[in-house]
Structures are given as structure tokens and as C-alpha cells.
Amino acid sequence: MFDCIVVGAGPAGASAAYHLAKRGRSVLLLEKQSLPRYKPCSGGVSPAIAQWFDFDFAPAIERKIENICYTWKLGDPVNAKLQTAEPMWMVSRNVFDHYLVQQAQKQGAELRDNTEATGIEFKSDHWQVNTAGGAVTGRYLIAADGAKGPTAKWLGFKAPKQRSGAVLEVAASNVDAVNAFFEFGMVKNGYVWRFPKADGYALGIATFRGNDPNDLSKTLLEYAQKSGMDVKTGQLTTHPLSLWDGDQTLHTQNALLAGEAACVVDPFTAEGIRPAIFTGVKAAGAIDEALAGKTNALQGYTDLISKEWGADMVWAQRLAGVFYRIPNIGYKVGIKRPSATERIGQILCGELRYADVANRALKRLSSSLIPGMG
């Protein structure tokens with residue numbers, strides 16, 4: 001019997017497996033696909049994740065971005081330099097996720113990829129996870145199988161609210177390796193982004209309020225074509241987004257939710273990799289404590305994520321509610337301010353929290369609507 005079974009070998013699951021194995025716990029990492037596997041994702045990663053590990057991520061990083069270019073309906077450009085200690089990382093998820101898994105294996109975690117979980121059962125004091133290759137057992141369970149994974153439902157958690165996103169990966173010979181692009185105005189209640197990769201671009205689109213539009217893919221293709229890309233070479237994928245939507249319970253009998261299964265995606269930017277890894281790291285700590293006999297360790301995990309991530313996401317959600325309702329004003333009084341990129345960069349890189357800047361930003365947006373306020 002394993003100390004812990006982790007379902008899903010994405011950033012959350014691999015991080016949890018790494019830290020549990022590093023603590024000397026026996027860990028089984030289950031992944032339904034064969035690794036390395038394709039994962040639709042724009043691949044922007046905050047360098048803040050490095051603080052949670054003791055190995056070098058350089059082999060998994062394709063590019064580093066120091067400059068941002070914003071546009072409003074493909075015009076009115078704003079160019080800015082990220083004023084952060086470390087540039088943003090650009091990765092391909094097939095490489096990045098597998099690299100994290102390999103680090104977990106080096107610590108002693110066991111990987112069984114191409115092994116899909118087909119059901120779970122709690123047996124008095126441990127979990128049995130059924131797979132096509134037979135049943136496996138573990139004292140604790142981490143559900144880290146993403147927004148579409150079934151494990152959270154099997155554990156009795158209600159289905160979360162989800163929004164839609166789309167990713168388009170396009171091959172290109174002459175890649176602008178210097179800039180990341182953010183387009184506002186082409187999609188209502190959201191934005192479009194374009195990141196450079198080793199051999200092309202990854203483009204993404206998401207909305208953050210209102211009803212999900214039906215034409216996200218169409219808008220993304222239009223943006224790509226107007227940006228001079230050959231979309232015939234592209235791979236377009238739609239996917240659900242599990243944005244943070246308020247505090248929720250993330251634990252149950254001998255089990256935790258982590259990553260997108262825990263709905264921790266940033267509701268203002270759609271950043272997902274950093275919060276996924278954060279939950280994986282903290283889930284490992286909680287289960288290690290539970291294995292050591294701490295009776296309220298799993299409740300402590302729910303409380304910690306609420307305090308250290310959810311509390312700040314309240315501000316991100318408020319900011320999204322105002323900014324995406326009046327994006328033209330948000331662009332003029334927010335994005336075009338020289339300090340805006342600096343602040344967002346610092347938030348993404350873990351140097352600032354939304355709570356540090358949201359109040360002022362909300363007042364500035366409100367004062368642009370209500371004369372005399374501000």
C-alpha cells in the first residue's frame with residue numbers, strides 16, 4: 001500500500017508527488033496518457049515557482065520574456081518592460097510537465113502513465129483506485145486530474161462552475177522572441193494573448209464574466225490571421241477553465257483536491273500553472289502531516305489555500321468584474337499607465353499581491369466613470 005496515490009501528472013500532481021517523495025513517503029503517480037503528452041496551454045509560467053523546489057528548471061524553459069506589448073483592437077499599442085527580478089518563462093507543457101514528473105521519480109515516486117483511473121472506493125482506512133491494469137491502494141489520495149478529470153466528482157464534490165478558453169499553437173520560422181502580446185477589445189469580457197515558443201507561437205483566449213461567447217475560436221483565428229500567421233499550420237483546442245469562484249472545501253475523507261480540480265485559476269488573468277503547483281506543494285505538506293498523525297491536517301490545507309490564495313483571488317475577481325465590464329476605460333486609465341505592467345508583472349512573479357494594488361486600481365476605474373470620485 002502506498003502512503004499516497006496522486007491522480008494526474010500535471011503540474012499540481014507532479015509537484016505533490018515530488019514533495020511527498022522527498023519527505024520519504026511512498027507515492028504512486030497515475031496518469032491516463034503516456035508521457036510526455038500534449039497539453040493545450042499557452043505555457044506562460046511565473047518564475048515564482050522556483051522558490052518551492054531545489055532543482056533548476058532551465059532544461060524545461062524555452063524562452064524568457066521581458067517585454068509586453070498591449071493593443072486595443074489591434075491598435076493603440078503600448079510597449080512596456082517587465083520590471084521584475086526574473087523574466088516570465090515560456091514552456092511547452094509536454095516538456096515542462098514531464099520534467100517535473102522526472103524530478104519526482106528521482107526522489108522515489110513511482111509513475112504509472114498510460115493508466116487511467118476508472119473508479120475509487122474507500123476501504124475503512126485507505127483508498128482503492130481501480131484502473132484497467134488492476135486496483136491500487138493508498139492511505140491518502142490527491143485528485144489532481146484537472147478541470148475535466150472525474151476524481152473530484154467521485155470524491156463527492158459538486159461540479160464547479162467552468163468557463164471556456166481556447167488555445168491555438170502555430171508554427172513559425174521567424175519568431176518574435178522578445179515580446180509577449182496582449183490584445184484587448186477583440187473579445188468581450190476577456191482578452192487574447194500571444195506567447196513566443198521555441199518554434200512558433202501559442203495564442204490563447206478567455207473571458208471572465210457574463211455568458212460564455214460561442215465564437216472564442218473564431219475570434220482567436222481572426223486575431224492570428226490579422227497578426228500575419230498561417231493558421232493552416234495551427235492546432236486549435238478548446239478547453240474548460242476552472243476559475244477561482246470563492247472559497248470551497250478542498251478536503252474530504254483521506255483525500256485532497258489540487259490544481260484545476262481545486263478551481264484555483266486566477267479569475268483576472270487565467271494564470272493556472274503557478275496556483276496549480278502551489279496547491280500541489282501544500283497538499284504534499286498536509287498529507288505528510290496527516291501521515292505523521294496530525295488529525296486536522298487536511299482541514300488545515302483547505303484553510304491555508306483559502307488564506308494564502310483565495311483571499312487574494314477575491315481582489316482579482318473584483319478587479320476583473322470592473323475592468324472587463326468597461327475594458328475601453330480600463331485600457332485607457334489602467335493598461336496605458338506606465339506602472340500597470342510593472343504591477344501585473346510583480347503579481348505574476350509573486351512579488352506583489354492583488355490586495356496590494358486592487359483598491360487603488362478600482363478607485364481609478366470608478367473615478368473615470370463617476371465625476372468627482374477618486
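UniProt, in an unreviewed entry, places the feature "domain: FAD-binding" at residues 3–293; its positions follow the numbering used here, feature names are shortened, and annotations may be inferred rather than shown by experiment. Over residues 3–293 the chain is 21% helix and 34% strand, with the end C-alpha atoms 13 Å apart. This is a predicted model, in which local features need pLDDT of at least 70 and side-chain atom pairs count only at pLDDT 80 or more, while totals for chains, interfaces and linings use all residues. Residues are numbered from 1 along each chain as its sequence is written, and side-chain values use heavy atoms, leaving out hydrogens and water.

**Helices α1 and α2**

- Helix α1 (residues 11–22) and helix α2 (residues 93–106) have axes that come within 8 Å and cross at roughly 15°; helices are DSSP runs of H or I with at least four residues, and strands are runs of E with at least two, numbered from the N terminus.
- Axes are lines fitted to C-alpha atoms, for helices over the stretch in contact, and angles run from 0 to 180 degrees between N-to-C directions.
- α1 and α2 are therefore roughly parallel to each other (under 35 degrees; over 145 is roughly antiparallel, 65 to 115 roughly perpendicular, the rest oblique).
- Their crossing is left-handed, meaning that the near helix is turned anticlockwise from the far one by less than a right angle; clockwise would be right-handed.
- On the α1 side, the contact (heavy atoms within 4.5 Å) includes Pro-11, Ala-14 and Tyr-18, and on the α2 side it includes Arg-93, Phe-96 and Leu-100.
- By class, this contact of α1 with α2 has 9 nonpolar, 2 polar and 2 charged residues (Ala, Val, Leu, Ile, Met, Phe, Trp, Tyr, Cys and Pro count as nonpolar, Asp, Glu, Lys and Arg as charged, the others, Gly among them, as polar).

**Helices α5 and α6**

- The axes of helix α5 (residues 273–291) and helix α6 (residues 297–323) come within 9 Å and cross at roughly 150°.
- α5 and α6 are therefore roughly antiparallel to each other, and their crossing is right-handed.
- Among the contact residues are Phe-278, Lys-282 and Ile-287 of α5, together with Tyr-301, Glu-308 and Trp-309 of α6.
- The contact of α5 with α6 divides into 12 nonpolar, 1 polar and 4 charged residues.

**A sheet of 3 strands**

- An open sheet runs in the order β3-β7-β4 with antiparallel pairing; two strands pair if DSSP finds at least two bridges between them.
- β3 (44–45) and β4 (63–65) each have a single partner strand, so one side of each lacks a neighbour in the sheet.
- β3 pairs with strand β7 (residues 88–90) over 2 bridges, and Met-90 in β7 is the bridge partner of Gly-44.
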